[in-house]
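Please look over the model shown here.

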Amino acid sequence: MASDASPSRPPPRWRRWRADQQSEGYLFLLPSLAGFILFVLIPVVAALVLSLYEWSLLSPGEYVGLTNYLNLFRRDPTFFKALGNTLYFTVTIVPLQLAAGLAVALALNQAIKGLAVYRLIYFMPVVTTIVAGALVFQWIFNKDFGILSAVIWRINELTGIPVQPPDWLTDPAWARPAVVMLTLWKNVGFTMVIYLAGLQAIPVELYDAAEVDGATSWRRLLYITLPMISPTTFFLMVIQMIGAFQLFDEAFVMTRGGPAQATTTIVYYVYVNAFEYRRFGMASTVAWVLFAFIFAFTFLQNRMQHRWVHYETEDGR
Amino acid sequence: MAVEPLAGEQMRLTRRVRRRIGSIALQVGLLAGSFFMVMPFLWMLSTSLKLPKEIFKYPPIWIPTEIAWSNYKDTLTALPFDRFYLNSAIVSVSSTLIQVLAAALAAFAFARLRFKGRNPLFLLYLATLMIPFQVTMIPNFILISRVLDWYNTYQALIFPTSFSAFSVFLLRQFFVGLPMELDEAARMDGASTLRIWWQIILPLSGPALAALSIFSFLGSWNSFLWPLVVTTSNEMRTIPVGLSAFQGEHNTAWNLLMAGSVIALVPVLAVYMVGQNWFQRGITLSGMGGR
C-alpha cells in the first residue's frame, strides 16, 4: 500500500493514489454509512436495550431486565396465538407459493401461444399496492354480497347440494385461509419470474440427452428439472419464509388481526403493542423474538440444504 | 436400435397426439390461473362503477346497468387523492434516488477501493441483512418523533428506509464482477476516483442500477407499515395509507372503496404495462441478490 512510494523519487500519480485510497474509501462510504449507522445500527442496539425496559414514551422508562421476555413466554396467550398464526401462515403459504409458482413457470417455459400476455397477467398483482388488493379481497369474501358467496349460492341452486357460504372473514376457521389466498394471489408472480430465470439456466443438452434415452416428460421433470432448479427452490423457500414470518399488511387491512385474533401475526402483535398499547419495550421484545425465529429457521434450512439442494460446483455457489 | 417403420410411424403419431392434448391442457390450466389473477381487478373495476343499489344484488352483475362515474368524483372529493399521489411520488422518487446513489458510492468503495476496516465494515452491513425491519422500526419511530422531531414529515417517510444494507450488497456483488484493469488503465490516464466511479463503473452497471431502482421504487411506492406509523394527517399520507384510512371511514361503501383502489392502482399498472420486461427483470435480478 503506502510502502509503494519510494522516498527518493516521487512515485507516479496513479501509484501515489493508492495511499489516498484510505481517505477516499471513507469518503465514498460516508453517505451510506451515516444513514446506516443512524437508521439501522443504532436502532438495532436501541431495540435490544428497549426490550429490557417498560416504556410508554410518556413516563420515564423503567428497567425491568428480562421481565418482558419472561412475561411473553409465561403469561401472554396472545403472543402464543400470534406465534401459532404466523407458523400456520408460514407452513401454508410457502409450499403453496412454491408449487403454484413452479407450475406456472414450467407452463410458461415452453413455446406456447400468448406467453407474453400470461407473463403480464400473472405478474400484475406483484406491482399492485397490497392495500388495494386486500380491500378487493375483503369485498370478494363479503359474507352476504361477495362474489364468492354468490358462486356458492349458485351451486346450491343449480345442483341442489345444500352448500352454504361460510362467514369467511368473520369465522376464525375461514379468515386465515382467506389471508393465505390473498398472499398467494399477490406473490405467485414473483415466485414465477424467479423460477423462470432458474429454468432458463438449465442446459438444453440435458433434456436432449434424456430424450435420446427415452425418458418420459414426467421423468425429465423429476430427474432433471427439479434437481437442477433446487438452488432456486432453496432461495425462494428462504425468501418466502422470511416474508411469511413478517406478514402484516394483509392481516391489517383485510381482517384487523381478527376475528378472535385468528389473523394476529407476530408483526401485527408488535404493531399493537407499540402503537395501540404504547408498550414500546414489549413491542421491541416481540420484534426480537421474531428475529430469533427467522434466524433459527434460516439457519436450519441452511444446515439441511445439502440433503436436497443440488449445486453444479463443489463450493456450493 | 432397429425399429420397424410402421411402429415408428405409430409412435410418432401417438406422441404428436399426446403433445397436442398436453398443450391444450396447459392452455386450460393457464387460463384458469389467469382468471384467478385477473378476477379481483375486474371485480374492483366493476364495483367501482356501480350504483349502491346494484352492489348489494343477488345474483351479482358484472356490467352495471348504469355506469356510475360519479363514484370517482365522490371518492376524489371525499379524500385528497391528488395529495396522496404527490406524497407517494415525492417519497418514492427521493427515497429511490438516495438509496441508489448512497448504495452505488458505498458499493464502489467496498468493491474497488482498499482501505483499513473495509472488510469488518462490510461484514457489519451483511450482519444486519437478516434483521427484519420491525426490529428497527420502534427505535426509528422514537428517533423520528422524539429526537429529530420529524413526525408526520417527508423526511420521516424518506430517510429511515433509504439506507438498506441489501442495496449496498446487491451493487457490490455486481461491481466486484467488473474487471479491475478498467480502473487501473483509467488511473494511469490520470482519472480521479470519482471520475472512474461516474464514467466507467456506473455506465457499465446499467442493468444492476435499473434493477435496484425499480426494486426500491416499487417497495417505496407500495410500502405500508412505516408510512402508517409516522403519518397522522391526510397532508402527509401516501396512497396505501390514505386508502387504508378511507377504509376506516367508509367501510361499507364498496363502490367508493373500489373506486379509490382503482385510482390508486392505475398509475402503477400503466407504468408496468409499458415496461413489464424491465419490471420482471428488475425484480428477478434484485430478488436473486444480483446473481
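The points below cover conventions, domains, helix contacts, a salt bridge and a loop.

This is a predicted model, in which local features need pLDDT of at least 70 and side-chain atom pairs count only at pLDDT 80 or more, while totals for chains, interfaces and linings use all residues. Residues are numbered from 1 along each chain as its sequence is written, chains are lettered from A and ligands numbered from 1 in the order in which they are written, and side-chain values use heavy atoms, with hydrogens and water left out.

**Domains of chain A**

- Chain A is assigned domain 1 (2-50) and domain 2 (73-307); such bounds come from an automatic or database domain assignment.
- Between the C-alpha centres of domain 1 and domain 2 of chain A the distance is 42 Å.

- Helices (H or I, at least four residues) are DSSP runs, numbered from the N terminus.
- Axes are lines fitted to C-alpha atoms, for helices over the stretch in contact, and angles run from 0 to 180 degrees between N-to-C directions.
- Helix α7 (residues 172-200) of chain A and helix α10 (residues 230-245) of chain A have axes that come within 10 Å and cross at roughly 160 degrees.
- α7(A) is therefore roughly antiparallel to α10(A), a term for angles over 145 degrees.
- The crossing of α7(A) with α10(A) is right-handed, meaning that the near helix is turned clockwise from the far one by less than a right angle.
- In contact (heavy atoms within 4.5 Å), α7(A) supplies A:Phe190, A:Thr191, A:Ile194, A:Tyr195 and A:Gly198, and α10(A) supplies A:Thr232, A:Thr233, A:Phe235, A:Leu236, A:Ile239 and A:Gln240.
- This contact of α7(A) with α10(A) has six nonpolar, five polar and no charged residues; Ala, Val, Leu, Ile, Met, Phe, Trp, Tyr, Cys and Pro count as nonpolar, Asp, Glu, Lys and Arg as charged, and the others, Gly among them, as polar.
- Helix α3 (residues 77-108) of chain A packs with α10(A) at an angle of about 145 degrees, the axes being 9 Å apart.
- α3(A) and α10(A) also make a right-handed crossing.
- Residues in the contact of α3(A) with α10(A) include A:Phe89, A:Val94 and A:Leu98 of α3(A) and A:Met237, A:Met241 and A:Phe245 of α10(A).

**A helix pair in chain B**

- The axes of helix α10 (residues 193-204) and helix α11 (residues 206-222) of chain B come within 5 Å, crossing at roughly 75 degrees.
- α10(B) and α11(B) are therefore roughly perpendicular, a term for angles of 65 to 115 degrees.
- B:Leu202, B:Pro203 and B:Leu204 of α10(B) meet B:Gly206, B:Pro207 and B:Leu209 of α11(B).
- Of the residues in the contact of α10(B) with α11(B), five are nonpolar, one is polar and none is charged.

**Salt bridges**

- Over all chains there are two salt bridges, each a side-chain nitrogen of Lys or Arg within 4 Å of a carboxyl oxygen of Asp or Glu.
- A:Arg154 and A:Glu157 form a salt bridge at 3.2 Å, N to O.
- Both A:Arg154 and A:Glu157 belong to helix α6 (residues 147-159) of chain A, three residues apart, about one turn of the helix.

**Loop between α11 and α12 of chain A**

- A:Gly258 and A:Pro259 are joined by a cis peptide bond, with omega about -5 degrees.
- A:Pro259 lies in the loop between α11 (249-255) and α12 (266-275) of chain A.
- A:Ala260 is also in the loop between α11 and α12 of chain A, and its phi is near 50 degrees, a positive value in a residue other than glycine.

Key. Helix = DSSP H or I, 4+ residues; strand = E, 2+ residues; numbered from the N terminus. Parallel < 35°, antiparallel > 145°, perpendicular 65-115°, else oblique.
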